[in-house]
Amino acid sequence: MTKKIGTKILGTGSFFPDKILTNADLEKIVDTSDEWITTRTGIKERRISQEHTPTSELAYQASVQALKSANISAAEIDLIVVATITPDMMCPSTACFLQNKFGIKTKPVFDLAAACSGFVYGIAVAKAFIASGIYKKILLVGAEELSKITDWTDRNTCVLFGDGAGAMVLSASEEQEEGILSISLGADASYWDLLYLPAGGTVNPASERTVKEKLHTIKMHGKEVFKVAVVKMAQVAEEALILSGKSLDDIKLIIPHQANMRIIEAVAKKIGLPMERVFVNIHKTGNISSATTITALDEAIKCGKLQKGDIAELVAFGGGFTWGAAVIRI
């Protein structure tokens, strides 16, 4: 009987641009206030990239930190996967640009697009590749520059988004009770028009009209998104726990997608978890889509809230709609 191959986490890393955009700064741009933003979202500030800084640069800086944490070199990586909805360009992939920054050739690389669920989807992809025996060491990155697809005249969306990147190095393991213990994923495309980016694809190719109508920026129906997000995040969190053979009592921290504090609180309440066991950093990062779960995980590890041997659960929800959860042992 062939022994199953486990997937362990060798290291994590994260990176944020230096520029901080506070709620006070936004008060000067749109009709809003710090109180309005904080009450409705829990966000106080977010990081913003420079105009000519590509997403791949954020991905590179986060990856350098993850490789250092894992104590391996980029040359030892067998596969690079980048989860993003804000690529450097449509072609080549951001993963190609990241590979080039490391100067490693011939290794396979690709991007993955699942919006805010992208990193959790990426964990599933990495685990499958490792379990199959095809690759032994994988660099998985969540990197976004949402500030560049944000309508800064729309007060309902411009207060939400920020930029940042996180990375994780995963490796084959003989142990099944370490690293990635379980994963549950889901999607329902019937909700696509509640959270989407209208232009830039084949439906609305870039044109003078799409630019004038600001169709290259995120459109969202917040109230409707909220309702589905709470239900699906709670549901998938419970599914992943069942698959892992663990219970809530075994979980040291749940790390949810940092989209909205109200969503986070509602999900915690729905699954019966006290907020002191929910990791939150949305107040200083805003929503950075696929990068939220991995940057939050990296912070939780670095600040000592998660230590080796602890079990955590990542839970995400994003445009598509897509959703996913992964139970992991640090």
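Modeller: Let's start with Tyr191, which counts as partly exposed at 27% relative accessibility. Keep in mind that this is a predicted model.

Colleague: Okay, and how do I read aromatic pairs? How many does the structure hold?

Modeller: A pair of aromatic rings is described by the distance of the centres and the angle of the planes. Here there are seven aromatic pairs. One of them joins Tyr191 and Phe321: the centres are 5.1 Å apart with 20 degrees between the planes, and the pair is stacked.

Colleague: Where do Tyr191 and Phe321 lie?

Modeller: Tyr191 is in the loop between strand S8 (179–187) and strand S9 (195–196), while Phe321 is in the loop between strand S12 (311–318) and strand S13 (322–329), so their pair ties together parts 130 residues apart in sequence.

Colleague: Is Phe321 buried or exposed?

Modeller: Phe321 is buried, with a relative accessible area of 1%. Its ring also pairs with that of Phe317: the centres are 4.7 Å apart and the planes are at 55 degrees, so this pair is tilted. Phe317 is buried too.

Colleague: What sits over the ring of Trp36?

Modeller: That's the charged end of Arg155, 4.7 Å from the ring centre.

Technical notes: Residues are numbered from 1 along each chain as its sequence is written. This is a predicted model: local features need pLDDT of at least 70, side-chain atom pairs count only at pLDDT 80 or more; totals for chains, interfaces and linings use all residues. Side-chain values use heavy atoms; hydrogens and water are left out. Rings of Phe, Tyr and Trp (its six-membered ring) pair if their centres lie within 6.5 Å; planes under 30 degrees apart count as stacked, over 60 as edge-to-face and the rest as tilted. Helices (H or I, at least four residues) and strands (E, at least two) are DSSP runs, numbered from the N terminus. Buried means under 20% relative accessible area, exposed over 50%, partly exposed in between (1.4 Å probe, protein chains only). A charge sits over a ring if NZ of Lys or CZ of Arg is within 6 Å of the ring centre and within 35 degrees of the ring normal.
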